[in-house]
Amino acid sequence: MSYVLVVVFLIIAIVFAKKADKYEKKKYIYISIIILSLMAGLRGVNVGIDTQYYYEAFTYDFPRSWQFTEEGFRLISRNLLLVFGNPMVIMIIYAFITNFLIIMRLWDFREKCNFTNMIILYICVYFFSTMNIMRQFIAIAIIFYSTKLLEKRKYLSFAIIVLLTSTIHKTSLLGLLFIVVYFWDNLTAKNKLLLFMPIVGVIAIVMSYVINYEMNHITNYFNTDNSWGNFNIPYVYRVLAFCISLWLSGIIKLKKNKKIYGEEKKDRESDKNIEIKIFIKIYFMGLLLASMGMFYTNMTRIGLYYLIYELLYWGYLIKNCKNSKLNWIIILVYALYVFGIEFVKNGQGIFPYYLNM
């Protein structure tokens, strides 16, 4: 019965998202966000591997010194408990923040990307994870939504938000690399050459900081050794789908051994092509980091800050490029596999699903 309940809730959320897309009405997308947020926020204490630990932390004021160590997360949670006096309300608020920020950021791209398809991918690939690694997804949602600042070249404002978000989950410092991606395309060839080494240095410092101050998490990641025996076929399919889609869509063509994006431009690329380039770069960064998950199980989580861009990438392809239906089928196979495997193996611990009421 719990399986049916989950599917029904998610289908209703998708239906309202489609109505929002069709009629350009935000009220429908708000309904979709509320459905997903209540579904995640009202989940039972044992729904999700980490849920019981969050309830324990909120109820008993973080009794384990080594767990959820970021002071920002603790401070916000303590104040929310003082205001509402109920840990379940905190879970609902965090679920709403996550779903609202991610979905509203997708809504920003509704004219350039297929919104309904992006919502389907989000629900199939990521939604169950938001009910497990909740704290990291709050950080992912904040950074993802804040990337709109980078489009306006407000790099300092974005950097400040990333630093503040690191008090919720320190791995969010990897979000600083978004600045490099967005800033790089605005540089001349000369400036790129001059700034290459300083940028490499900044990246090294960020990576060092994450490793040193998030050592407990990193240690856990690398202690969980998958070995070559657990070669991740779904991940390989995900990478192949990305590569094949580039070719099918004609985004990347080879002409006289020169790589170009979309239609050939002699003087400069259009804003549209620059945008898809950013999607491609960030998605590729996510796939690259996620590849470590084939050897160390939880390392895939580090790549989530960038993998979220696959929603924009596939949404763009499906709306703008040739072979859109074929591309949709290719990624939908992966999405339905991820969604279905949760029903079979229950890797996120979502089932049996029940409401904490």
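Guide: Let us begin with helix α3 (residues 51-59), whose buried residues in this predicted model are T51, Y54, Y55, A57 and F58.

Visitor: Where do the buried residues of α3 fall when seen down the axis of the helix?

Guide: They fall within an arc of 165°, so they line one face of α3. Those buried residues pack against α2 (26-41), α4 (71-84), α5 (87-108) and α7 (134-146), and α3 is followed by D61, whose phi is positive, near 55°.

Visitor: How should I read a pair of helices, and at what angle do the axes of α1 and α6 cross?

Guide: An angle over 145 degrees counts as roughly antiparallel. The axes of helix α1 (residues 2-23) and helix α6 (residues 115-130) come within 9 Å and cross at roughly 155°, which makes α1 roughly antiparallel to α6. The crossing in which α1 passes α6 is right-handed.

Visitor: Which residues of α1 and α6 meet?

Guide: From α1, V6, L10, A13, I14, A17, K18 and D21 meet F115, T116, I119, I120, I123, F127 and F128 of α6. By class, this contact has eleven nonpolar, one polar and two charged residues.

Visitor: Is Q348 buried or exposed?

Guide: Buried means under 20% relative accessible area, and Q348, with 18%, is therefore buried. Q348 is found in the segment after α17 (324-345), and, leaving aside its neighbours within four places in sequence, is in contact with G48, I49, F128, S129, N132 and E342.

Technical notes: Residues are numbered from 1 along each chain as its sequence is written. This is a predicted model: local features need pLDDT of at least 70, side-chain atom pairs count only at pLDDT 80 or more; totals for chains, interfaces and linings use all residues. Side-chain values use heavy atoms; hydrogens and water are left out. Helices (H or I, at least four residues) and strands (E, at least two) are DSSP runs, numbered from the N terminus. Buried means under 20% relative accessible area, exposed over 50%, partly exposed in between (1.4 Å probe, protein chains only). Contact means heavy atoms within 4.5 Å. Axes are lines fitted to C-alpha atoms, for helices over the stretch in contact, and angles run from 0 to 180 degrees between N-to-C directions. Angles under 35 degrees count as roughly parallel, over 145 as roughly antiparallel, 65 to 115 as roughly perpendicular and the rest as oblique. A crossing is left-handed if the near helix is turned anticlockwise from the far one by less than a right angle, and right-handed if clockwise. Ala, Val, Leu, Ile, Met, Phe, Trp, Tyr, Cys and Pro count as nonpolar, Asp, Glu, Lys and Arg as charged, and the others, Gly among them, as polar. The arc is that of the directions from the helix axis to the C-beta atoms.
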